[in-house]
Number of protein chains: 4
Amino acid sequence: MSAINVGIVGVSGYTGLELVKMLHAHPKFELAYVANSEGDTSLAALHPALKSVCDLPVEKADVKEASRRCELVFLALPHKTAMAFVKPLVEYGCRVVDLSADYRLPLEIYEKHYTEHTDRHNLPKAVYGLPELYRNAIASAQIVANPGCFPTSAILGAWPFVSKRVENSPVIVDAKTGVSGAGKKLSETTHFVNVNENLFAYNPLGHRHAPEIAHKLGLEESEVVFVPHLCPITRGMISSIYMQIDEALDAKSFIKKFYEHEPFIRILDKPVDMKSVAGTNFCDIFVKQQGSTLFISSAIDNLQRGASSQAVVNANIMMHLPEELGIPKIAYVP
Amino acid sequence: MSAINVGIVGVSGYTGLELVKMLHAHPKFELAYVANSEGDTSLAALHPALKSVCDLPVEKADVKEASRRCELVFLALPHKTAMAFVKPLVEYGCRVVDLSADYRLPLEIYEKHYTEHTDRHNLPKAVYGLPELYRNAIASAQIVANPGCFPTSAILGAWPFVSKRVENSPVIVDAKTGVSGAGKKLSETTHFVNVNENLFAYNPLGHRHAPEIAHKLGLEESEVVFVPHLCPITRGMISSIYMQIDEALDAKSFIKKFYEHEPFIRILDKPVDMKSVAGTNFCDIFVKQQGSTLFISSAIDNLQRGASSQAVVNANIMMHLPEELGIPKIAYVP
Amino acid sequence: MSAINVGIVGVSGYTGLELVKMLHAHPKFELAYVANSEGDTSLAALHPALKSVCDLPVEKADVKEASRRCELVFLALPHKTAMAFVKPLVEYGCRVVDLSADYRLPLEIYEKHYTEHTDRHNLPKAVYGLPELYRNAIASAQIVANPGCFPTSAILGAWPFVSKRVENSPVIVDAKTGVSGAGKKLSETTHFVNVNENLFAYNPLGHRHAPEIAHKLGLEESEVVFVPHLCPITRGMISSIYMQIDEALDAKSFIKKFYEHEPFIRILDKPVDMKSVAGTNFCDIFVKQQGSTLFISSAIDNLQRGASSQAVVNANIMMHLPEELGIPKIAYVP
Amino acid sequence: MSAINVGIVGVSGYTGLELVKMLHAHPKFELAYVANSEGDTSLAALHPALKSVCDLPVEKADVKEASRRCELVFLALPHKTAMAFVKPLVEYGCRVVDLSADYRLPLEIYEKHYTEHTDRHNLPKAVYGLPELYRNAIASAQIVANPGCFPTSAILGAWPFVSKRVENSPVIVDAKTGVSGAGKKLSETTHFVNVNENLFAYNPLGHRHAPEIAHKLGLEESEVVFVPHLCPITRGMISSIYMQIDEALDAKSFIKKFYEHEPFIRILDKPVDMKSVAGTNFCDIFVKQQGSTLFISSAIDNLQRGASSQAVVNANIMMHLPEELGIPKIAYVP
C-alpha cells in the first residue's frame, strides 16, 4: 500500500507539534501539508527541537491547497476557527480530524457553552473520536470530532460504571492537569512564578468540558460535578472520579473485563501516575471501593491521548489501518 | 511579663525546624531546650540554614531535663515515640503540645488504626488542638494533641457545613499535598525523579487521617471518603471537598459569617491557591455550589497550619497569650 | 524614637511586594505611602496573599505626595522611569533608595548600556548600595543606587580576591538564577512550559549586569566574562566564579577573615545552595582552589539580597538604625 | 539481514530502562536477554511504564547465558561490577558496550580515581565510545567503553577548539545536570525536598569525570577545571565551557564546519536548552566569543547521549549498521 497523504492545519501550537512528531515517523501517513495562520515559516523555526529532524515549510493555511494535497487533514485550531475550515474541506472531499470542540456536541449544547455554530449542516454527521466508544462509526466518518483532554480521561474512567450508578447521584470529577493543556498563549496562569510550587482549582463547576463529559456519558449536565486543578507539571492529567454505585459490584474485575481487548487502556492494581503515561496514548485506570462509593483514578498524557495521539488513532481507524500503527506506547519515564 | 521557657523534643525534622524558626523569633517564648534522639549536635548542624541565626546545642532527649527547664514542651516525634514522652512530662508538671497522632483519637479508634496505646490514663484528658473548634478547652489543657495536616484543611473546610449535610451522603475529600509532609525520610515516593513532573494518589481510601477527619466532624468513618494525592511541590496542601447539602443554603455567606471572627481563616471570592498560604498559619477557603453539591477548596501550609504554626498558636492559647503572637501571616510568595 | 515614615513607589511587582513584606513588619519604619503607576487599588488586590495582613490603599504615584508623607522613598521601578522620580524627590528633600539601574553607573557606562540619562546632576552623588563596600558613604547618601542581583552575588564573591588576581586574567561569572528575577511581565522566557524541566543561558556575554560587575570590581568590561542561566526555580541565584589568583593564597582563610565582621555574609565549608538563603538577606559563599584557579560559589535570594532586603538594609544605614533591624535571616527551608 | 541478538545486564536502573526503550523498537537488534543482579522478575515489575509494551522476564545475570544468547551485551552496571562481567564475556566471544567507567581510562588514571583494575589484559583493547572521535576504532572494537555524561557534553563542546587554545590556559567546565544522572539510589541529594527549588555545586574540583575529560582532550588533569551543579530537573545536562583561544578564530564558522557531517551534532545560532535535546541523541552546541575568551554551551540528554542512546549508536557502528538506526531524534518537548 502506498503512503496516505495527510496534512496539519494549525501547526504552531503544542498539539500541532505532537502531530508532527508522530506523523513524521508514521509508517503509512505522509505529512504532505503543514500550515498555520501566517505561513512563510518552517517547522524548525516554530519548534526548534525539530531542527535536523523534520523541517518542512509551513504554509499559510489554504483549504483548497490542503484538500488538493491530502486525503485527510488534522485541524489543531481554536474553537470557532476550526468550523470555518471543516465546512470547505468536507466539500472538497477531504476527511477531517478536528481537535477543537466545534463538532463534539449537539447544536444546542454547543451554542449554550461556546458560540453560534456556522456549520449546522455537517455538525450532525461528525463522530466523537473516542475509539473505545465509537470505533465503528469513526471508521466511516468524514468528520471526527477529537475529544477534549478532560473528557477523555473522565469518560474512559466513568463510562463502564454509568449503568451501575446509584440513581440521581452525581458523578464527581476532580481533575489535575499539567500546564501544557493551556497552550502556548502567555497568561498569568501559565507564568512560571505563578504555577511553580503552586496548585489551584480553576473554573470550578464552570468549565466547558463538563457538558462534554455529561453528554457522552448520557447524563444531565447537572449530574456531573467537574473541578479541574492546575498543577506545576508540563504534561499529564489525572481525573479522580467519585461515583455512587451498586455496592455488590466488584469494580476491579468488572472494568478489567470491560476493557480487556482495548490496546490503549491499562487497568492497574496500584494507583496510576502521570509519568507512566506521559508521551503515550495509554489511559491507565485504577479503581477502589468504599461502601457504595467508587474511586476511579484515570491518567493520560493531556497532549497525546488527550489530543494528538488520539487524533492519529482516529485517522488510523478512518483509513482502515491497524489502530496501533505509529502510536507511541513508550513513556517518557524517568 | 517575663519570658516563658519552652522546649522542642524532636528537632531534627521539618516540623522541628519550623518550630525553631517561630520560637526563635517569638516575643514571649524562650527556646530553652532543644533535643533529638541522639543529641550531641547543634541546630545549624542539623539545619544548615540556621547558621549564624540560631545555633543552640541539641541535646539527647531527656524528660527530666526538659521538664526542669521548660513550662511547655513541643513534641515533634513519630507516633508511638511521642506517648512515651508525654506520660512522664505530664507527671513532671510540664504542659505538652504533641504534634504526633498519639492523643488525637479515642482509644478504640487509635488502636484500630495505629498501635496499642501505652498512656491510657492521659489520653482522655488531651484536647484536640484545632483552635476554631476547641479554643476554650485548649486554654486549660495540659496535653494538646496537634491535628494532622490533612484533617486540619479538611475539617476547617467541611465543619461549617456538616449540620447542613444531606443525610447519609458521603463527605468526599480529594486532597493534594506537597512532599514535605512525608518528612525527611528517604523513600521511593520522595525521590526527586519519581515525584517531579508526576502526580498520583497514595493510600486512597486507606489513609489514617480519614478516621481523624470523620471523628472530629462527628461522622462515621464510612461517611468520609478520603484520597490524598502527592504533588511535585515542597510545601502546601489543598483539600477539595465535595458534600451534598441543603440546596437552599447560601454557602458563601454562611461560611463568611461562620468564620468572621477567626484571625487565621480567610474566605476568598476566587479559588484558593497553595502559595498564598505557604509560610503562614492561614487557612484559605473558597466555596461554590452546583445544585445540592457543595465544592469547598481549603488551602493550608502543611508544615505550618498543618503542624508547627498551629502548635505555637495552641501554646499561645495555653499560656493566655494573644493567639496571633509570633505567628507568621506573610506568605512566601512569590 | 518615633517611627520613620517611608514609602514605596512601584509596588505592583515582586520587589515591591518584598518591600511591603519587610516594611510592614519593620520595628522602626512606618509604611506611609504605597503607589504604582495607576493607583486606585489596594495591596491585597495587587498581591492577594496580603489579604488580612497589610491592605493599604495603593495610590497613583505622585512625587509631591510621596515626599510630603515620607522621609525616605523606595523606588521599585523600571530603568528610565526611576530617574524621572529621583530628581524631584531629591528636590523635595526626600532620601531615596532606587532599585533600578539608573544611578548605579557613571554616565558614560550607563548611557552606553542603557539610555540617555536625564538626571546628570544627581547621578554623581548617588552611592552604590552594597553595604560591605560602601557602608559609610551610604550612611550619608541622599540617593542610594541599590545593586542588581547578579552584581550583588558576583561582587561579594569576587571582591576579596581582586587584588590577588593574576594580571589580565578574566573573571568568569557563570550565574544561575530563578525566574522571579524576570519580574511579573509575561514572556516566552517565563512561560511555565518553556522553563520547567529546562535550563539555558540567556544574553551570554551581553547582559547589562556585566559592566556593573566590572565597574564595581575596578576592572575593564572586557575583563569580566558574564553568562547568566535561567533555571526552573522561583527564587534564588548562584554565581559560580572562576578566577586566576596567586596560588600561594589560602583562599578560604583569607575570605573568612575578610568578611569576619559582616553580619550578612556566611562563609561555608561545603558548597552553598539556593534554598539556605531564600527569604533572607544572607550571601553564602564557598571557595575552593585548584592550582591557580579559584572557584567561588556565591548564593543569594535574588529578590531579597539581590533587591529588596538589601534596599531595607541600606535604608537602615541611611537612618542610622542597626543594620540588621527588621531584616530577614530565617530562610524559607524546607 | 536477520536480527542481531543483544542483551542488557543491569536492567533495573534508568540507563537500563532507556536501553530497553530503544532496543525494543530497534529495527535490527532483538532484545534476547535482560538481567539484573537478582533476577526472577520482569521488565514491567521493575519499570511499570513498560506494562503492555515490553514485558520480558528479567533473569539473574549469568555471563555464560548472556554470551550464549547474544552477539553483543550492554552492561549498565556500577563501576567495579562491570569489569567482572566484561572479562568473561570477552572470553566467550561476546562484544560489549560497557556503560560504566571501567574501560574509559588508562590503568594509571583509572586506579588513581577509582579502584584496582581486575582486567588489565582487556583494558588497553577497549575503545572510548565517542563516535565523533573514534568512529573507526569503534567499528572493530570488542569492548566499547561508553563515555560518562559530563565528559560527553564537555568533550564534544571543547574538542574542536583544543588546538586553538592559548597555551597553559585552563579549560573551565561549569556543568548543570538533572537528577536522573544520580540514578535510582535514594540519597539526601536526590530527596525531592532538597532538590526542588534548589541548586548547588557538588564535588567541585573533585569529580571523577574531570580526569576523563582531560585525558580525552589530551590535557593534563590540572588543565581542566570541572564543577558540576545539580538542578531541579529530571533529564538534561548543559556544560558551559570557558576557554582562552586565539582571538582571530571565527569560532562559530569553525565549529559548524568541524561538525558539518555529524548526524547527531547541531550547532545553533542561539543558546542551547535542555528540553530541545531531552529524549534524543543530539548534542546541541552554541558558541560565542569575547576577546580571547570562548564560551561554549553544550547540551545533551544525560541518560541518552550521556549514556544509553550513545551506547546503541556504538552498537550500530560495531555491527556495521547505519549509525542513526533506531536512535531517537525527536525531543520530548514540550
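## Two helices of chain D

Helix 1 of chain D passes helix 11 of chain D in a right-handed crossing, a crossing being right-handed if the near helix is turned clockwise from the far one by less than a right angle, and left-handed if anticlockwise. The axes of helix 1 (residues 14-25) of chain D and helix 11 (residues 308-318) of chain D come within 8 Å and cross at roughly 50°, which makes helix 1 of chain D oblique to helix 11 of chain D. Angles under 35 degrees count as roughly parallel, over 145 as roughly antiparallel, 65 to 115 as roughly perpendicular and the rest as oblique; axes are lines fitted to C-alpha atoms, for helices over the stretch in contact, with angles from 0 to 180 degrees between N-to-C directions. Helices (H or I, at least four residues) and strands (E, at least two) are DSSP runs numbered from the N terminus.

From helix 1 of chain D, Thr15(D), Glu18(D), Leu19(D), Met22(D) and Leu23(D) meet Ser308(D), Ser309(D), Ala311(D) and Val312(D) of helix 11 of chain D, where contact requires C-beta atoms, placed from the backbone, to lie within 7 Å.

## Basis of the model

This is a predicted model, in which local features need pLDDT of at least 70 and side-chain atom pairs count only at pLDDT 80 or more, while totals for chains, interfaces and linings use all residues. Residues are numbered from 1 along each chain as its sequence is written, and chains are lettered from A and ligands numbered from 1 in the order in which they are written.

## Strand 15 of chain A

Strand 15 of chain A pairs in the antiparallel sense with strand 12 (residues 237-244) of chain A over 8 bridges, pairing being assigned if DSSP finds at least two bridges between two strands. Strand 14 (residues 283-290) of chain A also runs antiparallel to strand 15 of chain A, joined by 7 bridges, and Lys288(A) stands opposite Phe295(A).

## The sheet of chain C

In chain C, an open sheet of 7 strands has the order 10-11-9-12-15-14-13, with mixed pairing; its edge strands, strand 10 (200-201) and strand 13 (265-267), each pair on one side only.

How values were computed: Two residues are in contact if their C-beta atoms, placed from the backbone, lie within 7 Å.
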